[in-house]
Amino acid sequence: MLDARTPLLAVNDLQAWYGESHILHGVSFDVQPGEVVTLLGRNGAGKTTTLKSIMGIVSQRTGSVRFEGRELIGRPSNEIARAGLAFCPEERGIFASLTVEENLLLPPVVKPGGLPLDRIFELFPNLKERLGSSQGTKLSGGEQQMLAIARILRTGARLLLLDEPTEGLAPVIIQQIGRTIRALKEEGFTILLVEQNFRFASTVADRYYVMEHGRVVESFANAELDANLAKLHDYLGV
Amino acid sequence: MFEIFGIPSTALFGQLLIGLINGSFYALLSLGLAVIFGMLNIINFTHGAQYMLGAFAAFLLLQHTGLNYWAALIVAPILVGAVGVLIERAFLQWLYKLDHLYGLLLTFGLALIIEGVARNYYGSAGLAYTIPEALQGGQNLGFMFLPNYRAWVIAASLVVCLGTWFVIERTRLGANLRAATENPTLVRAFGINVPRMIMLTYGFGVALAAFAGVMAAPIYNVSPQMGSELIIVVFAVVVIGGMGSIMGAIVTGFGLGVVEGLTKVFFPEASNTVIFVIMAIVLLVRPAGLFGRRA
């Protein structure tokens, strides 16, 4: 199916290495403005490496990553972030030597149009109460995940890369994260989500790409999820 | 004059003052080492030589350009810090991912080269640098005589140390530094130019050493080996305080200066070794140092 719009993010034949090991073998996909796109796949399929290669955190990479039409491959990660991409890592990356407030204010504003703090506290009411907390890592796992998402909303980045935001969290927190992602989509954010939990993903995603052995092997829209369920079970081994 | 534990008060306070002076230099230098180690993961053995370069810069600026002490206090750290930035770009930036040993060997080699060059041109006798006019003389406090220059050194060192602590622990810039110390990759992926920050941090740590060197010039002679004599003790101070704690470096620096001074009064034979004895005990009881975090 052809789409006349230019994708916000276009990844083409992305290959990546960790030292000697070749992890990504030509990943291609795109993300349209305002979409929530989910990368599904087993552990080790290359989902996290894909996000990290887009962000430039994995620096040994070839191929093409175009954001708003601009080529980002080969640029260092600080410049990629300045182009308007923001990354929320799987391990959340909350800093122990920073207070909650310092963690929240750490990522610099890279573009105008980020969410004001008031709006962020509407989305994450519990964070406001924890602002005075002396150490970011004293928060609960769920609160740390909220903080890790909240801090990249201020920066004006329009594309959010979220790496397994539900991992290890209680169902009630997962629901809250789902509501947040839908609210962010309404705010106009574009989201590239990495998930193993496709039941969660199905509550937020517009489209899916399935990864295996460092390649995209399948893609379908949320409406086609039921039709692809059997295949998906095979790929994910669930 | 009165006596405390059978010691004349002038002797006691005199040594206490010397202890605070030495402590000022210990604190400034170990603070720089701690800042550099935190960000670069490099044990900067060139630190003593950079302290010496600060003193030499002050001396040469006065000789050749007529820049006085106060100007040198600003200009010398900037010059020596800029040389530090060049060293970071040329050599250190390639070592961050390697074992500590490489950084240690490289910076130790640089220290030997810098000191050797200085000795070649200026000998080891030492050059005199006079106390600036505004700080000559002293105050009679009744129980002791306090030279103005020494009071200035203690006060200036305290202000610079606490100012550095404030910037690192209480400001946005400091939050960036602390975060980059913890997880440089992620901080860079937020859009912060971490390599530049690391470069400037090294320059700042080196500038602190040069600042200490300028302040030391009128007290000790300006000589090529002034840094290597001091740096051994400063490394002991860093080991006792623990790498990576800013306040720890400051408190340990001043504290050990005072302990050393008091030892000179009560048991002079041990005054040269007391810091190393404390280091041995701390290493046995708290290997990460008094204020250190476990790696």
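Start in chain B with helix α6 (residues 172-182) and helix α8 (residues 194-216), which pack at an angle of about 105 degrees with their axes 11 Å apart. Helices here are DSSP runs of H or I with at least four residues, strands are runs of E with at least two, and both are numbered from the N terminus. Axes are lines fitted to C-alpha atoms, for helices over the stretch in contact, and angles run from 0 to 180 degrees between N-to-C directions. That angle makes α6(B) roughly perpendicular to α8(B); under 35 degrees counts as roughly parallel, over 145 as roughly antiparallel, 65 to 115 as roughly perpendicular, and the rest as oblique.

This is a predicted model, in which local features need pLDDT of at least 70 and side-chain atom pairs count only at pLDDT 80 or more, while totals for chains, interfaces and linings use all residues. Residues are numbered from 1 along each chain as its sequence is written, and chains are lettered from A and ligands numbered from 1 in the order in which they are written.

Now show the side chains between the two helices. B:Asn176, B:Leu177 and B:Ala180 of α6(B) meet B:Val194, B:Met197 and B:Thr201 of α8(B), where contact requires C-beta atoms, placed from the backbone, to lie within 7 Å. The residues of this contact comprise four nonpolar, two polar and no charged. Ala, Val, Leu, Ile, Met, Phe, Trp, Tyr, Cys and Pro count as nonpolar, Asp, Glu, Lys and Arg as charged, and the others, Gly among them, as polar.

Select α2 (residues 47-65) and α4 (residues 100-122) of chain B, whose axes come within 9 Å and cross at roughly 30 degrees. α2(B) and α4(B) are therefore roughly parallel to each other. The crossing of α2(B) past α4(B) is left-handed, a term used if the near helix is turned anticlockwise from the far one by less than a right angle, with right-handed used if clockwise. On α2(B), pick B:Gly48, B:Ala49, B:Met52, B:Leu53 and B:Phe56; they meet B:Leu110, B:Ala111, B:Ile114, B:Glu115 and B:Ala118 on α4(B). Eight residues of this contact are nonpolar, one is polar and one is charged.

**Across to chain A**

Next, select the contact between the chains: chain A gives 19 residues and chain B gives 16. On the side of chain A that touches chain B, α2 (77-82) and α3 (100-105) of chain A each supply at least two residues. The largest share of that side, four residues, comes from α2(A). By type, the side of chain A that touches chain B has 13 nonpolar, four polar and two charged residues.

Zoom out to the whole of chain A, which has nine helices and ten strands. Its C-alpha trace spans about 45 × 40 × 40 Å along the principal axes.

**The four-stranded sheet**

Color the open sheet of chain A with the order β2-β1-β4-β5, in which pairing is antiparallel. Two strands pair if DSSP finds at least two bridges between them. β2 (21-31) and β5 (70-71) of chain A are the edge strands, each pairing on one side only.

- β1 (residues 9-18) of chain A is joined to β2(A) by eight antiparallel bridges, and A:Tyr18 has A:Ser21 as its bridge partner in β2(A).
- The hairpin of β1(A) and β2(A) has two residues between the strands, and A:Gly19 in the turn has a positive phi of about 60 degrees.
- β1(A) also pairs with β4 (residues 61-67) of chain A, antiparallel over six bridges; A:Gln15 stands opposite A:Thr62, and A:Ala16 is partnered by A:Arg61.
- β4(A) and β5(A) pair antiparallel over two bridges, with A:Arg66 partnered by A:Glu71.
- In the hairpin of β4(A) and β5(A), which has two residues between the strands, A:Glu68 takes a positive phi near 50 degrees.

**The six-stranded sheet**

Finish with the open sheet of chain A ordered β6-β7-β8-β3-β9-β10, where the pairing is mixed. Its edge strands are β6 (85-88) and β10 (215-221) of chain A, each pairing on one side only. From one strand to the next, the twist averages 20 degrees.
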